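The sequence and structure come first, and the description follows.

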Amino acid sequence: MNMRNLSNMVLFQGISKQEVQEMLLCSQGTFQHFSRQEFIFYVNDTPRYVFCIAKGSVLLAEDKIDGKRTILNVYHTGSIFGEIFCFQGSHRYPYYAAALEDTDLYCIPWEFFYHRCSRLCSHHEILEKNLLKIMAEQSLEMINHFKILSCRTLRQKIAKYLLSQPFEQEHIKQFLSREELADYLCVTRPSLSRELMAMKRDGLFYIKAKEFYIPDRSALMQVAND
């Protein structure tokens with residue numbers, strides 16, 4: 001795995017590449033590759049790692065008794081996940097995680113964050129501060145997801161979701177398939193498809209491949225805030 005991908009992560013900000021390499025040795029972490037739709041952990045597995053996404057994206061989800069899936073969160077390159085279940089003391093995962101695309105992970109045993117290694121590495125304190133920052137940011141993302149789900153109309157849900165995604169000029173790269181987006185918004189796929197087509201006809205966005213082009217962001221914001 002490319003060390004550059006790791007050293008650019010928020011978790012390792014303020015830590016040199018050499019120190020990151022030393023940390024990999026101290027933590028006894030492992031690198032793992034997962035193909036699209038491959039499970040990273042299952043419901044009832046025992047939490048053992050804090051997962052760092054060096055490349056790719058991952059969903060956290062649960063399946064209901066009726067077979068419907070709810071996507072609780074989506075993590076992208078540079079994010080971490082799984083830490084809540086480790087630090088909260090869960091003995092089993094209540095949800096499962098799977099790769100949305102080909103994904104490279106650095107898996108750090110959670111004990112590494114609780115105990116300083118025998119070498120007393122100076123960068124360990126920086127790592128802990130970065131971890132707290134990431135956990136705070138992800139808590140805000142979960143609040144944002146709740147706000148999306150609480151919208152009165154599906155059009156508002158879609159608008160708020162799109163506005164919450166990273167913009168590159170006028171377009172947004174879509175990591176979720178149509179079915180996955182429906183599960184994330186807790187709606188049926190046919191309903192989502194109909195509303196997407198209606199919003200497209202109204203000129204709120206254009207869809208090309210897996211990208212949304214937003215010609216007028218203010219118009220989308222007006223929909224989200226109606």
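## The sheet

Ala98 in strand 7 is the bridge partner of Leu59. Helices (H or I, at least four residues) and strands (E, at least two) are DSSP runs, numbered from the N terminus. This is a predicted model, in which local features need pLDDT of at least 70 and side-chain atom pairs count only at pLDDT 80 or more, while totals for chains, interfaces and linings use all residues. Residues are numbered from 1 along each chain as its sequence is written, and side-chain values use heavy atoms, with hydrogens and water left out.

An open sheet is formed by 4 strands in the order 2-7-4-5, with antiparallel pairing. Strand 2 (39–41) and strand 5 are at the edges with a single partner strand each, so one side of each has no neighbour in the sheet. From one strand to the next, the twist averages 30°. Two strands count as paired if DSSP finds at least two bridges between them. Strand 2 and strand 7 run antiparallel and are joined by 2 bridges; the partner of Phe39 in strand 7 is Ala98.

## Strand 4 and its partners

Strand 4 pairs with strand 7 in the antiparallel sense over 4 bridges. With strand 5, strand 4 also pairs in the antiparallel sense, over 7 bridges.

Strand 4 is largely enclosed by the rest of the structure, because 5 of its 7 residues are buried. Buried means under 20% relative accessible area, exposed over 50%, and partly exposed in between (1.4 Å probe, protein chains only).

## Helix 7 and Leu185

Helix 7 packs on the sheet, where it touches strand 4 and strand 5, and its direction makes about 105° with that of strand 5. Such angles run from 0 to 180 degrees between N-to-C directions, with axes being lines fitted to C-alpha atoms, for helices over the stretch in contact. Contact means heavy atoms within 4.5 Å.

Leu185 belongs to helix 7 (residues 178–185). Leu185 counts as buried because its relative accessibility is 0%. Leaving aside residues up to four places away in sequence, Leu185 touches Ile148, Leu149, Lys157, Ile158, Tyr161 and Leu192. Between Leu185 and Ile158 there are 8.0 Å in space, C-alpha to C-alpha, and the two are 27 residues apart in sequence.

## The nonpolar cores

A nonpolar core is a set of buried Ala, Val, Leu, Ile, Met, Phe, Trp, Tyr and Cys residues joined through side-chain atoms within 4.5 Å. The largest has 30 residues, and those touching the most other members are Ile158, Tyr161, Leu162, Leu185, Phe205 and Leu220. Elements that each supply at least two residues of this core include strand 4 (57–63), strand 5 (69–76), helix 6 (154–163) and helix 8 (189–201). Helix 6 gives the most, with 6 residues. A second, separate core has 18 residues, among them Leu11, Val50, Cys52 and Leu131.

## Helix 9

Leu220, Val223 and Ala224 are buried in helix 9. Viewed down the axis of helix 9, the buried residues fall within an arc of 100°, so they line one face of the helix. The arc is that of the directions from the helix axis to the C-beta atoms. These buried residues pack against helix 6 and helix 8, whereas Gln222 and Asn225, on the other side of helix 9, are exposed.
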